Amino acid sequence: MPAKLLDGKALASCIKEKIKEEIEAIKSKHNKALKLVSVQVGENPASEVYLKSQRKNAENLGVEYQLERLDQKISQDELIKVIDKLNNDKSVNGIILQMPLPPQINAKLISQYISPLKDVEAVHPQNMGEIVFGSAKILPCTAASCMELLNSIQDLKLYGKEAVIVGHSEIVGKPLALLLLNQFVTTTVCHIATGEKGTLPEFVKKAEILIVAVGKAGLIKGEWVKEGAIVIDVGINRVEGKIVGDVEFDKAQERASYITPVPGGVGPLTVAMLMKNLVEAFKLQV
Ligand code: NAD
């Protein structure tokens with residue numbers, strides 16, 4: 001039996017329905033539409049798709065959306081002033097600082113200036129730190145999307161499962177490892193050094209839950225996938241004009257029990273998680 005598809009699109013629309021109800025309830029109780037501001041420094045064609053999707057999703061949910069386009073040459077101090085202004089603006093409930101930033105800006109430092117209460121992408125160290133304690137209300141969107149996909153599997157008990165995450169970035173692999181640990185999942189994180197050492201297949205073969213976030217098409221061979229494993233492929237790669245993930249899909253589907261398609265798996269959920277974070281941020285603000 002080929003693996004069942006974990007349909008991110010369908011799950012995202014279910015989640016958005018619920019969020020829409022919450023947003024409408026907030027509107028009638030507080031007489032206020034939620035407002036999301038996205039800050040984009042300079043031009044970046046790769047971000048345009050994400051920006052469009054933010055606007056479309058916000059509008060569909062009745063959220064006011066504003067895009068602040070700033071000059072490529074803006075200094076760090078000037079950018080901090082823009083963020084400060086948004087932090088102090090009571091009408092603004094969520095702030096996104098679009099990556100990548102130009103070289104004169106220290107992205108790690110600047111993340112600390114976004115108010116943790118408006119930090120809808122959970123990049124502030126306080127929000128990251130809350131994940132360690134299992135008390136985070138605002139979660140990094142992609143890591144949260146992976147958890148939603150796992151939680152959507154009926155009767156899946158995470159307790160005691162063995163998971164392998166490939167990729168240890170600050171937006172996906174690292175927070176996801178903590179989210180899984182908080183559910184008592186035995187979690188291994190592999191990264192570039194695992195790949196270089198040549199031991200990646202050994203780890204992947206043991207994974208009951210395999211989550212891959214690298215950005216290299218075909219990195220994970222189908223035959224490495226454990227029989228019955230749950231496979232979540234976060235990777236987005238363009239190969240011969242097509243979008244593919246990091247896992248050899250066809251072969252992996254023959255062995256796994258559940259697998260995400262790429263596109264249509266993790267991707268559609270991330271904006272839904274962003275909007276969920278906006279609602280959580282508002283709750284923290286009031
Ligand atoms: P990143 O570049 O920050 O991190 C890549 C990770 O892969 C690192 O931990 C690195 O050590 C590891 N790695 C690199 N080569 C490896 C190898 N040969 N073996 C094992 N590990 C290796 O990446 P990121 O920002 O986390 O994104 C990863 C992928 O996920 C990209 O394709 C990105 O486009 C995609 N992504 C998708 C979504 C979505 O919404 N679907 C969101 C974020 C990122």
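Colleague: Which residue stands opposite Ile-230 in E11?

Modeller: Tyr-258 does. Keep in mind that this is a predicted model.

Colleague: How do E8 and strand E11 pair, and over how many bridges?

Modeller: They pair in the parallel sense, over two bridges. E8 covers residues 230-233, and E11 covers residues 258-259.

Colleague: Are the residues on the two faces of E8 buried or exposed?

Modeller: Buried, on both faces. Ile-230 and Ile-232 sit on one side. Val-231 and Asp-233 sit on the other.

Colleague: Why do neighbours in a strand end up on opposite sides?

Modeller: Because side chains in a regular strand alternate between the two faces of the sheet.

Colleague: What about strand E5 and E7, parallel or antiparallel?

Modeller: Parallel, with four bridges joining them. E5 spans residues 162-166. Its Val-166 stands opposite Val-212 in E7.

Colleague: Which residues cover the faces of E7?

Modeller: Ile-209 and Ile-211 are on one side, and Leu-210 and Val-212 are on the other. These four are all buried. The strand itself runs over residues 209-212.

Colleague: Let's switch to the ligand. Which residues come nearest?

Modeller: His-168, Ser-169, Ile-192, Lys-216 and Ile-236. They belong to a group of 22 residues around the ligand.

Colleague: What does Ser-169 do there, in terms of distance?

Modeller: A side-chain N or O atom of Ser-169 is 2.6 Å from an oxygen atom of the ligand.

Colleague: And Ile-192, is that backbone or side chain?

Modeller: Backbone. An N or O atom of the Ile-192 backbone lies 2.9 Å from a ligand oxygen.

Colleague: How much of the ligand does the protein bury?

Modeller: The protein buries 75% of the 860 Å² that the ligand exposes when taken alone.

Colleague: Which elements give two or more residues to the shell?

Modeller: Helix H8, residues 192-197, and helix H11, residues 267-285.

Colleague: How does the shell divide by residue type?

Modeller: There are 11 nonpolar residues, 10 polar ones and one charged.

Colleague: New topic. Where does Asn-127 lie?

Modeller: In helix H5, which spans residues 125-133.

Colleague: Why does Asn-127 count as buried?

Modeller: Because its relative accessibility is 6%, and buried means under 20%. A polar atom of the Asn-127 side chain also lies 3.1 Å from the backbone oxygen of Pro-116.

Colleague: Ile-131 is in helix H5 too. Buried or exposed?

Modeller: Buried, with a relative accessible area of 1%.

Colleague: How far is Ile-131 from Lys-32?

Modeller: They are 30 Å apart in space, C-alpha to C-alpha. In sequence, they are 99 residues apart.

Colleague: Last one. What domains does the assignment give?

Modeller: Domain 1 is 30-116 and domain 2 is 140-267. Taken over C-alpha atoms, their centres are 29 Å apart.

How values were computed:
Residues numbered from 1 in each chain as written. Predicted model: local features only at pLDDT ≥ 70, side-chain atom pairs only at ≥ 80, totals over all residues. Heavy atoms only, no water. Domains from an automatic or database assignment. Near = heavy atom within 4 Å. Polar contact = N/O pair within 3.5 Å; in protein donor to acceptor, adjacent residues only side chain to side chain. Areas by Shrake-Rupley, 256 points an atom, 1.4 Å probe, with all protein chains shown as cover. Nonpolar A, V, L, I, M, F, W, Y, C, P; charged D, E, K, R; others polar. Buried < 20%, exposed > 50% of the residue type's maximum accessible area, 1.4 Å probe, protein only. Pairing = 2+ DSSP bridges.
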